[in-house]
Amino acid sequence: MAERERARECLLFGLGNPGGRYERTRHNLGWLLLDLLVARHDLRYSAGRGDYFFARYELEGTRVSLVKPTTYMNLSGRAVRQYMAIERPEDFDLVVAADDVNLPLGRLRFRPKGSAGGHNGLASVIEMLGRDDFARIRMGVGPGPAGADLADYVLEEFGDEEWESVDTLLVRAADAFEHWIREGSEKTMTRFNG
């Protein structure tokens, strides 16, 4: 990578909510991204020793850990902290994938660091880690109808007419994540943001 040496391990935490009721909702884009990568690489999840499942593969010399917190969204940081304490990764880069109501449906934004931007799951991760200098993949779900309650909106399932955009977004997000491992932040932002 141009801006730094490549870490030996990359951790991707995909945020979402457990339970069938939330499986196809806007708030579960992080989980859906992990599921796509697990399928892409013919992997299976293993149960962690904390509130998470994980799967691992190697990409061009980098060990990749896909981690699915099984806490509810607002407690995502607890699972991230558990993973760090139990698995004790060394020489790693951290990426968190989440939905974003501030981006139009289908829009992707990769950032090497930043704020929670009003996202409770990201806020929980930042609070539990005590830092915000980790990368994030934000996937747009749109702001919802005028006057809609955002908490209700993100917990609704995508409409049938939205799934083509969602599927395209998830593939782009998976490609962006793996491009970032190979090429670093600047090239990934140039190629995938917008």
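1. Arg88 sits in the loop that runs between H2 and S5. In this predicted model, the phi of Arg88 is near 50°, a positive value in a residue other than glycine. Most residues other than glycine have a negative phi. Arg88 counts as exposed because its relative accessible area is 64%, and the cut-off for exposed is over 50%.

2. Asp42 is another non-glycine residue with a positive phi, here about 55°. Its place is the loop between helix H1 (29-40) and strand S2 (46-47). With a relative accessible area of 71%, Asp42 is exposed. A positive phi, near 70°, also occurs at Gly130, which follows H3.

3. Helix H3 covers residues 120-129, and its buried residues are Gly121, Leu122, Ser124, Val125 and Ile126. What do the buried residues of H3 pack against? Their partners are helix H2 (76-87), strand S5 (92-100) and strand S7 (135-140).

4. The largest nonpolar core has 38 residues. Those touching the most other members are Leu12, Leu29, Leu33, Leu66, Ile137, Met139 and Phe177. Helix H5 (residues 163-183) gives the most to this core, namely 10 residues. Apart from it lies another core, of 18 residues, which includes Leu15, Met73, Met84 and Ala98.

5. Leu66 deserves a separate look. Setting aside neighbours within four places in sequence, Leu66 is in contact with Leu12, Leu34, Leu37, Val38 and Leu43, among others. The list also includes Phe53, Phe54, Ala55, Tyr57 and Phe177. Two of these partners, Leu12 and Phe177, are named with Leu66 among the residues that touch the most other core members.

6. Phe110 belongs to strand S6 (residues 108-111). Is Phe110 buried or exposed? Its relative accessibility is 1%, so Phe110 counts as buried; the limit for buried is under 20%. Beyond four places in sequence, Phe110 is in contact with Ala135, Arg136, Ile137, Trp180, Ser185, Thr188, Met189 and Asn193.

7. Glu162 is a charged residue in the loop between helix H4 (150-154) and H5. A relative accessibility of 13% makes Glu162 count as buried. Not counting residues up to four places away in sequence, Glu162 touches Arg26 and Leu105.

8. The chain as a whole has six helices and seven strands. Along the sequence, the pattern reads β-α-β-β-β-α-β-β-α-β-α-α-α. The radius of gyration is 15 Å, close to the 16 Å that the globule rule gives for 194 residues, so the chain is as compact as a globular protein of that length. Its C-alpha atoms fill a box of roughly 45 × 35 × 35 Å along the principal axes.

9. Buried residues account for 50% of the 194 residues. Of the contacts between residues at least 6 apart in sequence, 70% join residues at least 24 apart.

10. The chain exposes about 9200 Å², with 46% of that area supplied by carbon and sulfur atoms. There are 26 positive and 31 negative side chains. The centres of these two sets lie 4 Å apart.

How values were computed:
Residues are numbered from 1 along each chain as its sequence is written. This is a predicted model: local features need pLDDT of at least 70, side-chain atom pairs count only at pLDDT 80 or more; totals for chains, interfaces and linings use all residues. Side-chain values use heavy atoms; hydrogens and water are left out. A nonpolar core is a set of buried Ala, Val, Leu, Ile, Met, Phe, Trp, Tyr and Cys residues joined through side-chain atoms within 4.5 Å. Buried means under 20% relative accessible area, exposed over 50%, partly exposed in between (1.4 Å probe, protein chains only). Helices (H or I, at least four residues) and strands (E, at least two) are DSSP runs, numbered from the N terminus. Contact means heavy atoms within 4.5 Å. The radius of gyration is taken over C-alpha atoms; the globule rule is 2.2 Å times the number of residues to the power 0.38. Accessible areas come from the Shrake-Rupley method with a 1.4 Å probe; for residues, only the protein chains shown count as cover. The place of a charge is taken as NZ of Lys, CZ of Arg, CG of Asp or CD of Glu.
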